[in-house]
Amino acid sequence: MKAVSYMVPVVMLLLSFLYNNNPFVVKEEAQQAFQLLNTIRSNPEKYYRELHLQSKLPITKAPLRWNDTLARVAEAKALDMAKRNYFDHVNPEGYGINFFINQSGYTLNADWLKDKKENFFESIGSGHESGEAAIKSLIIDEEDAQKGHRNHLLGIGEWDASLHDAGIGFVKCDGGKYQSYICIIIAKHNW
């Protein structure tokens, strides 16, 4: 099973070498994004004005737990988007993040895998100067399209509040469509 957990991200990386714009993983940015996300979740009042949050939002105070497996999947996804110059929850072959999470050895409920395009656990961003800037951008809830990311990241609603494991991949690029890509996975095992 351990070999399978490394196989999918490795295959994604190998395919991504067909394109070259010199992307590189910046683990420090991912960690800073993770720390900021937990800080916002634990003390949202401090961020109401900056992030345009409504004071009555039921933001979960439960901290996220860093998960190395999810981080590897998130890094592989961010690298794949950068190398192949696309930005989408579904890769060019039609696979969503649920498939890659499950292939990594992080067990998901079979109902979450019925369609290869499924994404119940991923927020993505592009073109941000830093991991912290990406988190803030995805949380700002002025547009309906962003509310799904905001809810996912802040644990708003019963489903999103039940997710506690997190992994983040942040990639910078020398060329291509965007200067950076971030993939944030917040999920839960199917035990």
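This is a predicted model: local features need pLDDT of at least 70, side-chain atom pairs count only at pLDDT 80 or more; totals for chains, interfaces and linings use all residues.
Local features are given where pLDDT is at least 70, side-chain atom pairs count only at pLDDT 80 or more, and totals for chains, interfaces and linings use all residues. Residues are numbered from 1 along each chain as its sequence is written, and side-chain values use heavy atoms, with hydrogens and water left out.

Strand β3 covers residues 122–126; strands (E, at least two residues) and helices (H or I, at least four) are DSSP runs numbered from the N terminus. Five of the five residues in β3 are buried, where buried means under 20% relative accessible area, exposed over 50%, and partly exposed in between, with a 1.4 Å probe and protein chains only. In a regular strand the side chains alternate between the two faces of the sheet. In β3, E122, I124 and S126 lie on one side, S123 and G125 on the other, and both faces are covered.

Strand β5 (residues 180–187) runs antiparallel to β3, and five bridges join the two; strands pair if DSSP finds at least two bridges between them. G125 has I182 of β5 as its bridge partner.

Helix α3 (residues 68–84) contains E75. E75 counts as buried because its relative accessibility is 14%. Its side chain makes a polar contact with the side chain of K27 at 2.8 Å. A polar contact is a pair of N or O atoms within 3.5 Å; within protein, one must be able to donate a hydrogen and the other to accept it, and residues adjacent in sequence count only if both atoms are side-chain atoms. Leaving aside residues up to four places away in sequence, E75 touches V25, K27, I168, G169 and V171, contact meaning heavy atoms within 4.5 Å.

The structure holds zero disulfides, a disulfide being a pair of cysteine sulfur atoms within 2.5 Å. C173 is buried because its relative accessibility is 11%, and C183 is buried at 0%.
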